[in-house]
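Subject: Structure handover

Hello,

Please look at the model first and then read the notes against it.

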Amino acid sequence: MGGDKRTEYTFLRKTRISLRFGKLHHCTFDENNPAGARCLEQATAPPGHRGPLIDRCQPSRCHNSVITPDHLQLWRSEEHSLLKLLDTPKLPPCRREQLGRQLNDVQDVIRKADEL
Ligand code: SF4
C-alpha cells in the first residue's frame, strides 16, 4: 500500500489504528486482526507475543505495509545500489541470483507505491 503525507497524517490522528513507524515503511499490523500479516505466515511466534515479527517483514507482499514518498526515496536508492552490484563482473551465479531476488522485492515495493 502506498500513502502520501495526508495518509500518514490521517494514521497519526487515529488512535484506533496500531501503527509502527519505520525507516523503510510503516506497519499497520492489527493485533486483533492479524490475518494477512506476511511475517506471521508459517512462523512460530514466541509464547505471549501478539505483534508482528519484524525480522520476517515482507514490505513488498504485505497489505499492512505503508510506503510514503519519504520511504520511496530509500527504496529507489536501494534499487540503485543493487543494480550497481549486479553490474559487477564475474559475480558467482548464486550471488547474482540472491541480488536478483533482492532487486525483485525492492522493485515490487516501488511498483506498488507508484501505482497509487
Ligand atoms: S510483514 Fe511487515 S508490514 Fe506486514 S505485518 Fe509483518 S511487520 Fe507489518
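**Notes on the model**

Gln-42 is exposed, at a relative accessible area of 83%, where exposed means over 50%, buried under 20%, and partly exposed in between, computed with a 1.4 Å probe on protein chains only. Gln-42 sits in the loop between strand 1 and strand 2 and has a positive phi of about 55 degrees although it is not a glycine. Most residues other than glycine have a negative phi.

This is a predicted model, in which local features need a pLDDT of at least 70, side-chain atom pairs count only at pLDDT 80 or more, and totals for chains, interfaces and linings use all residues. Residues are numbered from 1 along each chain as its sequence is written, and side-chain values use heavy atoms, with hydrogens and water left out.

**Confidence and fold**

The average pLDDT of the protein is 88, and 91% of the residues score at least 70; pLDDT is the predictor's confidence in each residue, from 0 to 100. Confidence is lowest in helix 1 (residues 5-13), with a mean of 70, and highest in helix 2 (residues 69-86), at 94. Where pLDDT is low, the predicted coordinates should not be read in detail.

The protein has three helices and two strands, in the order α-β-β-α-α along the sequence. Helices (H or I, at least four residues) and strands (E, at least two) are DSSP runs, numbered from the N terminus. The C-alpha trace spans about 50 × 35 × 20 Å along its principal axes. Of the 116 residues, 31% count as buried. Among contacts with a separation of 6 or more, 58% are between residues 24 or more positions apart; contact means heavy atoms within 4.5 Å.

**The ligand**

Which residues surround the ligand? They are His-25, Cys-27, Phe-29, Ala-37, Cys-39, Pro-52, Ile-54, Cys-57, Gln-58, Cys-62, Asn-64 and Ser-65, where a residue counts if one of its heavy atoms lies within 4 Å. By class, this shell has eight nonpolar, four polar and no charged residues. Ala, Val, Leu, Ile, Met, Phe, Trp, Tyr, Cys and Pro count as nonpolar, Asp, Glu, Lys and Arg as charged, and the others, Gly among them, as polar.

The space taken by the ligand is the largest cavity. A cavity is a set of points, on a 1 Å grid over the protein atoms alone, where a 1.4 Å probe fits but cannot get out; a molecule sits in one if more than half of its atoms lie within 2 Å of its grid points.

**Other residues**

Pro-34 is in the loop between strand 1 (26-27) and strand 2 (65-66). Pro-34 counts as partly exposed because its relative accessibility is 37%. Leaving aside neighbours within four places in sequence, Pro-34 is in contact with Phe-29 and Leu-40. Pro-34 and Pro-52 are 18 residues apart in sequence and 8.3 Å apart in space, C-alpha to C-alpha.

Ser-60 is also found in the loop between strand 1 and strand 2. Is Ser-60 buried or exposed? Ser-60 is buried, because its relative accessible area is 6%.

Lys-90 lies in the loop between helix 2 and helix 3 (93-115). Lys-90 has a positive phi of about 55 degrees although it is not a glycine, and counts as exposed at 82% relative accessibility.

Regards

Technical notes: On a 1 Å grid over the protein atoms alone, a cavity is a set of points where a 1.4 Å probe fits but cannot get out, and a pocket is an open set with protein on both sides within 12 Å along at least five of seven lines; lining residues have an atom within 4 Å of a point.
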